[in-house]
Amino acid sequence: MDPLLVVSEEVRTALDEQRPVVALESSLIVNGPAYPANTELGLEIEKSVRDAGAVPATIGIADGRFVVGMDADLVDRFASTKGIPKVSARDLGPVLAGGGLGATTVAGTVVPAARAGIPVFSTAGIGGVHRRAQETFDVSADLLQFTRTRIAVVCAGSKSILDLGLTAEYLETAGVPVLGYGTDRLPAFYVRESDVPVKRVDDLLVAARATQLHWEVNGDRTVLLTTPIEERDALDGDEIERAIQAALDEADQAGVRGNAISPFLMRALTEVTAGRSAAATRAVLLSTARVAGEFAVAFSAARTEG
């Protein structure tokens with residue numbers, strides 16, 4: 001029994017019976033819409049996983065331990081409490097030692113998820129290489145953590161404000177496979193596709209087998225399964241790129257530098273899309289959770305076959 005893990009009875013039973021389980025991050029709850037809409041969103045994401053036939057396991061930190069499978073009361077506590085820190089990979093030890101609450105990001109969630117034996121994690125979008133990283137060295141901790149953690153991450157790619165080409169180059173160098181479910185182009189969060197090619201796979205059972213074989217022959221690396229946002233919910237890629245380029249020019253004129261650029265770009269996109277980005281973000285959170293649930297079902301089937 002792992003003293004750092006508090007695993008809910010539902011999740012523990014599912015893992016013991018090798019039934020499908022999907023890990024979910026808790027940072028989207030504390031950084032989502034205002035309370036109580038953030039509670040509702042967290043529970044809706046869990047429902048999308050359940051509707052696909054898998055058990056959701058929202059993960060956070062409380063009382064010096066990882067909680068794997070937060071109940072509705074704890075989700076509501078996270079949603080309604082101000083000042084809960086976001087916890088990335090580097091923050092895990094200090095926050096655990098502090099004994100308070102911690103909302104785990106992508107890099108902060110895959111660690112306890114893998115430790116608990118959960119093979120699938122869902123998020124709307126991963127971090128990546130930021131624009132102008134050649135000058136700032138601003139690279140998300142997600143990418144490095146993927147080289148250390150055996151887990152399948154289902155996502156809608158990376159946000160358009162990032163440098164998707166450099167993100168793909170980093171992942172290739174790190175030996176992290178990137179699969180496109182029903183697409184041969186890397187999705188860009190609330191944009192359906194970018195100009196970055198990925199390995200297309202149209203069958204989740206095939207994707208599950210590919211994941212297992214990758215782990216068998218190439219060790220503890222994350223496998224990314226990317227899935228685009230539904231077409232009805234997507235934003236126009238050309239419009240988004242024009243807005244980003246205009247915002248970069250504005251940032252230059254305003255003297256915005258380093259890691260301040262990405263938040264600047266996000267605010268600019270929110271203004272340009274007149275709030276449509278918020279609706280698209282909600283849609284992509286739910287769609288990736290559904291696909292992750294379906295993939296977890298396929299993964300369990302593939303494991304049984306093996």
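Me: Leaving aside its neighbours within four places in sequence, which residues is Thr-58 in contact with?

Reply: This is a predicted model. Thr-58 is in contact with Leu-24, Glu-25, Ser-26, Ile-29, Glu-46, Val-67, Val-68, Gly-69 and Met-70, once its neighbours within four places in sequence are set aside.

Me: Is Thr-58 buried or exposed?

Reply: Buried means under 20% relative accessible area. With a relative accessible area of 3%, Thr-58 is therefore buried.

Me: In which strand is Thr-58 found, and how many residues of β3 are buried?

Reply: Thr-58 belongs to strand β3, residues 55-62. Eight of the eight residues of β3 are buried. Val-55, Ala-57, Ile-59 and Ile-61 point one way from the strand, while Pro-56, Thr-58, Gly-60 and Ala-62 point the other way.

Me: In which sense, parallel or antiparallel, does β3 pair with strand β2, and in which sense with strand β4?

Reply: With β2 (residues 21-24), β3 pairs in the parallel sense over four bridges; Val-21 has Val-55 as its bridge partner in β3. With β4 (residues 65-68), β3 pairs in the antiparallel sense, over four bridges, and the partner of Ile-59 in β4 is Val-68. Two residues separate β3 from β4 in a hairpin, and Asp-63 in the turn has a positive phi of about 55°.

Me: Which residues touch the most other members of the largest nonpolar core?

Reply: They are Ile-118, Phe-146, Val-153, Tyr-190 and Phe-295, in a core of 103 residues. Helix α13 (residues 276-305) contributes the largest share of this core, 13 residues. Apart from neighbours within four places in sequence, Ile-118 is in contact with several residues, including Ala-57 and Val-68.

Me: How does one read the sides of a helix, and which residues of helix α9 are buried?

Reply: An α-helix has 3.6 residues a turn, so residues three or four places apart point the same way. In α9 (residues 164-174), the buried residues are Leu-164, Thr-167, Leu-171 and Ala-174. They lie on the same side of α9 because they cover an arc of only 90° around the axis. The face turned away from this buried side carries the exposed residues Glu-172 and Thr-173.

Me: What covers the buried residues of α9?

Reply: The cover includes α8 (141-146), β9 (178-181) and β11 (223-226).

Me: Which residue caps the N-terminal end of α9, and which residue follows α9?

Reply: Asp-163 is the cap, with a side-chain oxygen 3.3 Å from the backbone nitrogen of Gly-165. Gly-175 follows α9 and has a positive phi, near 75°.

Key
Residues are numbered from 1 along each chain as its sequence is written. This is a predicted model: local features need pLDDT of at least 70, side-chain atom pairs count only at pLDDT 80 or more; totals for chains, interfaces and linings use all residues. Side-chain values use heavy atoms; hydrogens and water are left out. Buried means under 20% relative accessible area, exposed over 50%, partly exposed in between (1.4 Å probe, protein chains only). Contact means heavy atoms within 4.5 Å. A nonpolar core is a set of buried Ala, Val, Leu, Ile, Met, Phe, Trp, Tyr and Cys residues joined through side-chain atoms within 4.5 Å. The arc is that of the directions from the helix axis to the C-beta atoms. A polar contact is a pair of N or O atoms within 3.5 Å; within protein, one must be able to donate a hydrogen and the other to accept it, and residues adjacent in sequence count only if both atoms are side-chain atoms. Two strands pair if DSSP finds at least two bridges between them.
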